[in-house]
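Open your viewer and get your selection tool ready.

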Amino acid sequence: MKKITSILLALLFFFSTQAFGKITITLAEDPWPPFIVKEGSSSSPKGTAVQFLKRIFERVPEIEVKFVLHDSWSRLLDEVKHGKMDGIIILAKTAEREEYMTYSDSYTQKRTVFFYKKSRFPKGIKWNTYEDLSSYVIGGQRSSNYSNDFEEAIKNNVIKAELVTEIKQHLIMLKYGRIDLAAENEVVGNTFYKEKGWHNEIAIVEKPIDVGLYYMALSKKSPAASLMPKINKVIAQLKKEGVPDQIFNQ
């Protein structure tokens with residue numbers, strides 16, 4: 001009888017822990033200032049996107065979140081796809097990614113543009129279709145989605161693309177004349193060039209590549225994916241309170 005009672009108590013403890021305990025998840029991203037900022041040797045990122053997600057999970061007590069830096073965007077996507085990583089802090093939505101990720105509601109806007117070097121193109125650059133850019137070499141990050149039209153133009157060899165692993169690589173390549181244009185989020189590119197002191201040498205093409213939204217996403221294999229409706233309620237409340245504007249427009 002004592003043995004049976006002990007087993008029952010152990011089972012009760014186990015199920016009560018499962019019912020009332022927190023789910024611990026890990027959200028990752030590669031460095032992408034000002035959204036994702038690496039500081040020193042720390043593996044825990046800072047930045048505006050991390051700030052906002054911390055505000056979200058303060059109101060979702062069922063989930064404890066660890067934020068980590070990842071060294072490869074393409075590998076991170078693969079890890080999320082196979083459930084080795086719970087999710088991604090900030091990203092654009094694509095049909096392919098939606099097959100293996102559950103997206104939150106959007107929490108900030110995106111504007112993706114072409115950067116160019118003023119001394120290389122003193123009269124500027126104008127374009128209407130990607131055929132207008134067929135003579136330029138365009139840099140970007142591998143596995144990033146700048147827009148569906150942009151990806152199709154690369155796939156169909158309408159434009160010539162030099163794709164790199166790290167974001168900063170193609171921005172540096174632009175500075176030193178190895179590419180003609182760099183495709184990047186406007187805020188991210190401006191942040192990088194200002195930090196380097198190169199911003200007076202670089203300009204932005206007026207017509208954007210894409211204007212859209214950014215989200216958080218969880219692997220469909222993550223134990224927290226079922227809580228996305230609650231996460232979205234919190235995002236809606238934070239928007240009503242003006243929190244995204246306070247963080248992303250500071």
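A pocket here is an open set of grid points, on a 1 Å grid over the protein atoms alone, with protein on both sides within 12 Å along at least five of seven lines. A volume is the space filled by probe spheres set on the points. Keep in mind as you go that this is a predicted model.

**Stop one: the second largest pocket.** Select Phe 35, Thr 108, Val 187, Phe 248 and Asn 249, which lie nearest its centre among 17 lining residues. The space in this pocket comes to about 360 Å³. Now colour β5 (108–117), α7 and α9 (243–248): each of them supplies at least two residues of the lining. By class, that lining has seven nonpolar, six polar and four charged residues.

**Stop two: the largest pocket.** Which helix gives the most to it? That is α7, with five residues. The pocket holds about 540 Å³ of space, and its lining divides into 10 nonpolar, four polar and seven charged residues.

**Stop three: helix α3.** Select residues 73–81 and highlight Trp 73, Leu 76, Leu 77, Glu 79 and Val 80, which are buried. They lie on the same side of α3 because they cover an arc of only 160° around the axis. To see what covers them, show β1 (23–29), β3 (87–91) and β10 (210–219), among others. Finish at Gly 83, which follows α3 and has a positive phi, near 75°.

Conventions: Residues are numbered from 1 along each chain as its sequence is written. This is a predicted model: local features need pLDDT of at least 70, side-chain atom pairs count only at pLDDT 80 or more; totals for chains, interfaces and linings use all residues. Side-chain values use heavy atoms; hydrogens and water are left out. On a 1 Å grid over the protein atoms alone, a cavity is a set of points where a 1.4 Å probe fits but cannot get out, and a pocket is an open set with protein on both sides within 12 Å along at least five of seven lines; lining residues have an atom within 4 Å of a point. Helices (H or I, at least four residues) and strands (E, at least two) are DSSP runs, numbered from the N terminus. Ala, Val, Leu, Ile, Met, Phe, Trp, Tyr, Cys and Pro count as nonpolar, Asp, Glu, Lys and Arg as charged, and the others, Gly among them, as polar. Buried means under 20% relative accessible area, exposed over 50%, partly exposed in between (1.4 Å probe, protein chains only). The arc is that of the directions from the helix axis to the C-beta atoms. Contact means heavy atoms within 4.5 Å.
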